[in-house]
Amino acid sequence: MVISGCTSAKKQDTDGSKNELVLAVGSEPEAGFDPTTGWGRYGAPLFQSTLLKRDHDLKIVNDLATGYEVSNDRTVWTVKLRKDAKFSDGKPVTSADVEFTFNTAAKNGSVIDLTNMKSAEAVDENTITFALKEPQSTFLSILTTLGIVPKHAYGKDYAQKPVGSGPFKLIQWDRGQQVIVEANPEYYGKKPYFKKLTLLFLSEDAAFAAAKAGKVDISYIPTAFSKQAVNGMRLESLKTVDNRGIVFPYISSGQKTKEGYPIGNDVTSDIFVRKAINAAVDRKALVKGVLDGYGTPAYSSSDGLPWWNPKTTAEDANLELGKKILADGGWKDNDGDGIVEKGTLRGQFNLIYPAGDLTRQSLALAVSDMIKPLGIKMNVEGKSWDDIKTMMHSNAVMFGWGSHDPLEMYNLYSTKYRGVDYYNPGYYGNPKVDEWMEKALKSGSEEEALDYWKKAQWDGDTGFSALGDAPWAWLVNIDHLYLVKNNLDIGKQPIHPHGHGWPVTDNIEEWKWK
């Protein structure tokens with residue numbers, strides 16, 4: 001599988017004079033490279049460019065756009081385009097292409113959520129307007145993630161043969177093995193130092209083996225390999241909001257989804273149980289023990305991002321506090337079997353995780369041990385995603401999230417998203433939280449929305465963080481680990497979103513030999 005890419009890798013050296021790289025930084029995107037169906041959602045789309053983008057500090061800056069305005073009622077966004085942008089086939093990028101891209105993505109109904117967009121319309125060659133059904137400050141994030149596709153070159157095979165205005169253009173895709181890309185000579189931005197990239201699709205194990213064999217210039221690796229030194233390479237540990245946490249069924253049992261799957265759990269619907277677990281979990285110990293130190297304690301889905309409320313770093317690793325919370329809630333071990341009861345209810349429930357995911361399994365087992373002294377028994381079980389879909393509304397689940405878009409926070413906690421896809425599987429709902437988040441969405445700008453997002457987490461009285469309703473027990477943010485050739489500079493990396501791999505290429509134009 002690695003023969004083709006590794007052969008080319010052998011030909012190059014890292015003496016600073018070569019202008020091509022071999023990378024093993026992610027799995028193959030099965031659906032291909034079409035932004036209108038989700039490509040580039042996490043990390044830059046590489047072949048395409050976006051209207052706006054986030055810089056190292058996650059601030060919004062122009063890309064294809066030269067600026068934008070929002071109407072007084074906040075439902076019409078007008079974006080001006082630069083006039084010198086071209087696709088890799090030499091054709092200019094116009095507002096007709098932007099109109100086509102957004103309307104195609106809306107029609108596809110993919111992970112790009114454009115349900116609030118009424119229309120995208122080209123006003124003139126370099127001006128586009130977006131009409132929204134209602135104000136949405138997070139529409140800005142969509143402008144930073146949806147790569148623009150060419151109307152004239154878009155067809156059924158676009159995902160396999162993308163044409164775009166990004167820094168690189170695709171030359172060859174060998175399914176299951178690699179893609180080879182070259183610098184796009186038409187790119188309007190900073191010209192990449194490296195003129196050719198070969199991206200190998202290797203598992204983390206195989207990528208590590210390729211690094212040890214000197215076949216790649218950069219390789220993503222799991223924590224388990226972090227202590228093994230590799231000649232000529234250094235370990236880069238990059239901070240992320242790629243988190244793991246436990247979502248609890250928030251309501252009592254008794255209801256079913258329209259598909260007939262049970263909703264609710266009588267133990268985890270008790271706020272004293274959820275708060276006691278949040279207090280007892282030792283997050284630093286999880287980072288040290290499960291992640292070998294390559295991570296940080298997590299208290300939300302967006303730690304460190306501008307919309308995160310740092311006041312929500314509630315006390316943890318406090319068993320005595322957890323016991324007191326349970327006792328205050330009426331939970332007591334009446335029969336001396338080590339498990340607390342409340343009336344006829346025993347303090348036990350299931351925690352499920354995707355089978356085969358060793359990190360989630362290790363976290364689940366460790367948390368189960370940590371809360372045992374509370375008198376709460378958590379049965380840990382690995383299941384397939386097909387099974388998890390049927391069980392996630394009535395059992396606790398180990399999930400992972402992490403996005404540069406605050407809309408993810410809305411989707412995880414809004415009453416509107418109860419039971420929608422994998423969002424809010426525990427059926428959490430709090431009218432005050434909904435009110436704060438609606439205000440955030442209807443704000444005039446991302447900056448204006450920040451205070452409302454923070455209040456939704458904790459406003460001094462209520463919120464969805466562990467200080468408030470505690471519908472989740474967030475555990476850790478996982479550092480993304482890469483082995484990098486000693487003399488390769490991968491620039492200043494922003495906080496990575498969910499997904500170990502492709503996000504490292506977000507600033508590929510900045511990479512160079514030292």
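V241 sits in the loop between strand 12 (233-238) and strand 13, where strands (E, at least two residues) and helices (H or I, at least four residues) are DSSP runs numbered from the N terminus. At 0% relative accessibility V241 counts as buried, a term that means under 20% relative accessible area, with exposed meaning over 50% and partly exposed lying in between (1.4 Å probe, protein chains only). This is a predicted model, in which local features need pLDDT of at least 70 and side-chain atom pairs count only at pLDDT 80 or more, while totals for chains, interfaces and linings use all residues. Residues are numbered from 1 along each chain as its sequence is written, and side-chain values use heavy atoms, with hydrogens and water left out.

**Surroundings of V241**

- Leaving aside neighbours within four places in sequence, V241 is in contact with S301, S302, D303, L305, W401, G402, S403, N477, I495, H496 and P497, contact meaning heavy atoms within 4.5 Å.
- V241 and L326 are 85 residues apart in sequence, and their C-alpha atoms are 30 Å apart in space.

- An open sheet of six strands has the order 16-22-13-21-19-20 with mixed pairing, where two strands pair if DSSP finds at least two bridges between them.
- Strand 16 (295-297) and strand 20 stand at the edges with a single partner strand each, so one side of each is left without a neighbour in the sheet.
- From one strand to the next, the twist of this sheet averages 25 degrees; axes are lines fitted to C-alpha atoms, for helices over the stretch in contact, and angles run from 0 to 180 degrees between N-to-C directions.
- Strand 19 runs parallel to strand 20 (residues 377-383), and seven bridges join them; within strand 20, K383 stands opposite P354.
- Strand 19 also pairs with strand 21 (residues 396-401) in the parallel sense, over two bridges, and in strand 21 the bridge partner of L351 is A396.

**Helices 6 and 8 against that sheet**

- Helix 6 packs on the sheet by touching strand 16 and strand 22, and its direction makes about 40 degrees with that of strand 22.
- Helix 8 lies across strand 13 (243-247), strand 19, strand 20, strand 21 and strand 22, and runs at about 170 degrees to strand 20.
- Strand 19, helix 8 and strand 20 make a right-handed β-α-β unit, the crossover being right-handed if, with the strands pointing away from the viewer, the path from the first strand over the helix to the second runs clockwise.
- L365 lies in helix 8 and is partly exposed, with a relative accessible area of 44%; L365 and M378 are 13 residues apart in sequence and 8.9 Å apart in space, C-alpha to C-alpha.

**Helix 5 and its cover**

- Helix 5 (residues 271-280) is mostly covered, with seven of its ten residues buried, namely V273, R274, A276, I277, N278, A279 and A280.
- What covers these buried residues includes helix 6 (283-290), helix 7 (319-328), strand 19 (348-354), helix 8 (358-371) and strand 22 (472-478).
- Helix 5 and helix 7 pack at an angle of about 175 degrees, with their axes 7 Å apart. That makes helix 5 roughly antiparallel to helix 7, since angles over 145 degrees count as roughly antiparallel, under 35 as roughly parallel, 65 to 115 as roughly perpendicular and the rest as oblique.
- On the helix 5 side, F272, V273, K275, A276, A279 and A280 meet L319, L321, G322, I325, L326 and D328 of helix 7.
- At the start of helix 5, a side-chain oxygen of D270 reaches to within 2.8 Å of the backbone nitrogen of F272.

- An open sheet of four strands has the order 4-5-7-6, with antiparallel pairing, and its edge strands, strand 4 (65-70) and strand 6 (117-124), each pair on one side only.
- The twist of this sheet averages 20 degrees from one strand to the next.
- Strand 4 and strand 5 (residues 76-81) pair in the antiparallel sense over five bridges, and in strand 5 the bridge partner of E69 is T78.
- Helix 2 (residues 95-108) packs on this sheet, touching strand 5, strand 6 and strand 7 (127-132), and its direction makes about 170 degrees with that of strand 6.
- T104 is found in helix 2 and is buried, with a relative accessible area of 10%; not counting residues up to four places away in sequence, T104 touches T36 and Y154.

Methods. A polar contact is a pair of N or O atoms within 3.5 Å; within protein, one must be able to donate a hydrogen and the other to accept it, and residues adjacent in sequence count only if both atoms are side-chain atoms.
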